[in-house]
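The following exercises are to be worked through with the structure in view. Each task is followed by a solution in steps.

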Amino acid sequence: MRYPLEPDHEDMQRLAQVVVDRAVAFVASLADHPASLAGVSEEAVLNLQRRLLQPPPEQPEDLGGILDRVEEASQAAVETAGPSYLAYIPGGGLFAGALADFYARATNRYVGMAATAPGLVALEWSVVRWLADIVGMPAQGGGVLFSGGSIANFAAVVAARERLGETFADGTVYLTEEAHQSVGKAVHLAGLPMEALRVVPCGRDLRMDPDALAEMVARDRRAGRRPFLVVAAAGTTNTGVVDPLPAVADVAAREGLWFHVDAAYGGFFMLTERGRAALQGIERADSVTLDPHKSLFAPYGTGALVVRDLGALRAAHAVSGHYLQDLGEQEVPDFADLGPELTRELRGLRVWLPLHLYGVAAFRDALNEKLDLARHAYERLLAEPSLDLPWAPSLSIVALRVRANDQDTADALTRDVLERVNAGRRVFLSSTVVEGRFTLRLAILAHRSHQDRVDEAVDAIIAAARAVTAV
Ligand SMILES: Cc1ncc(COP(=O)(O)O)c(C=O)c1O
């Protein structure tokens, strides 16, 4: 009897080789891929989508033909893995992380409860403990790897909310305009009304004003509300700015607020000396979101929450079920007790394997390179008279605008620059709105982005800015 879902040894090797060959060819050619879909017609995209929106066949197809279609689909995309990706928050996806994933998926171990795979859970726990150490959590701290920063922020909000008891509609949460949208979403998903969100003003430096925070908390208390959580950013998505963590920690300590730091973007700069200086105070947080799929270059689907008191995370998430009664306690925690997931993949391997394969120093060097590149890009752009750079980069994001006599013109010209640069398809940039103004960002974080590509981006921005201001 032959079971088609169970390829034999030879078949597995043949199939795997086909996939590996394609993936290696793809990664090896990343530098030449078009940076984005700019200039590709909507019709071409629609046609592609129509071809791919087909139900599966009843009978088998050839793997080569299947992968042809996957490649066609994959190529019509923003090149998020390559050196040209300087938009949003890049990551890149380490090839070694993909290999780790392949192994993890092929062995398909269950790591929701430690008793089913105590060794692998310990391996993943070593990653979590390392993350906790990076941000200065005490020995009894810990956490869990999630699919990304949004879920990590959600688990943090739920853990903080737990302190309010079963009814919490009077709870209030403090963040700034610059906080990532996932924080507000997390508060909403955690069952709090949107009016629970308090937007603390920032100074011109886009950092939370701690005095305003203290005043808002006091006002809310007087009004009978229950302030319980403040969320600071260690690297905002817009500009990479870091909130004044020590001052926010002081207010949180005085007022008994849970202090959460969203370091999804900036967290791993803690591996560098400059990052540690910028993120000073993070060690006082009750919880920190870190995204290995951003500043640790892991493949997508790798976020983390670390907390000072693992008991608080457990109190918010642990439940029991009779069907789990055979699984005893272990030295290492049950991840299912620390977040919403029960069945979960072995996420830790895609962080653990590259860390062991390359060593921590390789990551520190890569992050130092990004800090240097951001400074280099900033200085080159600053020297261009047609551009306005209101903030020196705190980490590795450079924000800029085109100079003009009035704001509407500046917004329009800056948008024009973005379109011209992206139309070249050598680099891909994105924009945002800061203080109500259209702002271009150069986000230098992908491990494959080096000085040559950053200089290309800077050249393209300067050329476009001169072109749009010359007319
Ligand atoms: C500061 C910050 N927090 C949270 C998130 C959300 O993370 P994810 O996209 O991994 O869910 C992001 C994403 O860019 C971010 O920049």
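**Exercise 1.** In this predicted model, state how many residues the largest nonpolar core has, and which residues have the most contacts inside it.

*Solution.* 
Step 1. The largest nonpolar core comprises 133 residues.
Step 2. The residues with the most contacts inside this core are Leu86, Val230, Val248, Val306, Ala377, Val417 and Leu429.
Step 3. Helix 14 gives the most to this core, namely nine residues.
Step 4. Setting aside residues up to four places away in sequence, Leu429 touches Leu86, Ala87, Leu418, Val421, Asn422, Leu440, Arg441, Leu442 and Ala457.

**Exercise 2.** Describe helix 14: its span, its buried residues and what they pack against.

*Solution.* 
Step 1. Helix 14 runs over residues 360–382 and has 23 residues.
Step 2. From its first C-alpha to its last, helix 14 reaches 33 Å, close to the 33 Å expected at 1.5 Å a residue.
Step 3. The buried residues of helix 14 are Phe363, Ala366, Leu367, Lys370, Leu371, Leu373, Ala374, Ala377, Tyr378 and Leu381.
Step 4. These buried residues pack against helix 10 (273–278), helix 11 (292–295), strand 8 (387–388), strand 9 (397–402), strand 11 (437–443) and helix 16 (451–470).

**Exercise 3.** Explain why the buried residues of helix 7 line one face of the helix.

*Solution.* 
Step 1. In helix 7 (residues 181–189), the buried residues are Ser182, Val183, Ala186 and Val187.
Step 2. Viewed down the axis of helix 7, the buried residues fall within an arc of 145°, and therefore they line one face of the helix.
Step 3. The cover over these residues includes helix 6, strand 2 (171–176), strand 3 (197–200), strand 4 (226–233) and strand 5 (258–263).
Step 4. Just after helix 7, Gly191 takes a positive phi of about 95°.

**Exercise 4.** Determine whether Leu338 is buried or exposed, and name the residues that it touches.

*Solution.* 
Step 1. Leu338 is found in the loop between helix 12 (310–317) and helix 13 (349–358).
Step 2. A residue is buried if 20 or more other C-beta atoms lie within 10 Å of its own. Leu338 has 24 other C-beta atoms within 10 Å, so Leu338 is buried.
Step 3. Not counting residues up to four places away in sequence, Leu338 touches Gly143, Val144, Leu313, Arg314, His317 and Pro333.
Step 4. Leu338 and Gly142 are 196 residues apart along the chain, while their C-alpha atoms are separated by 9.7 Å.

**Exercise 5.** Characterise the shell around the ligand by residue class.

*Solution.* 
Step 1. The ligand is surrounded by 14 residues, of which the closest are Gly148, Gly149, Ser150, His180 and Ala264.
Step 2. The shell has four nonpolar, eight polar and two charged residues.
Step 3. Helix 6 (residues 149–162) supplies the largest share of the shell, three residues.

Technical notes: Residues are numbered from 1 along each chain as its sequence is written. This is a predicted model: local features need pLDDT of at least 70, side-chain atom pairs count only at pLDDT 80 or more; totals for chains, interfaces and linings use all residues. A residue is near a molecule or strand if its C-beta atom, placed from the backbone, lies within 6 Å of it. Helices (H or I, at least four residues) and strands (E, at least two) are DSSP runs, numbered from the N terminus. Ala, Val, Leu, Ile, Met, Phe, Trp, Tyr, Cys and Pro count as nonpolar, Asp, Glu, Lys and Arg as charged, and the others, Gly among them, as polar. A residue is buried if 20 or more other C-beta atoms lie within 10 Å of its own, exposed if 12 or fewer, and partly exposed in between; C-beta atoms are placed from the backbone. The arc is that of the directions from the helix axis to the C-beta atoms. Two residues are in contact if their C-beta atoms, placed from the backbone, lie within 7 Å. The expected span of a helix is 1.5 Å times one less than its number of residues. A nonpolar core is a set of buried Ala, Val, Leu, Ile, Met, Phe, Trp, Tyr and Cys residues joined through C-beta atoms within 7 Å.
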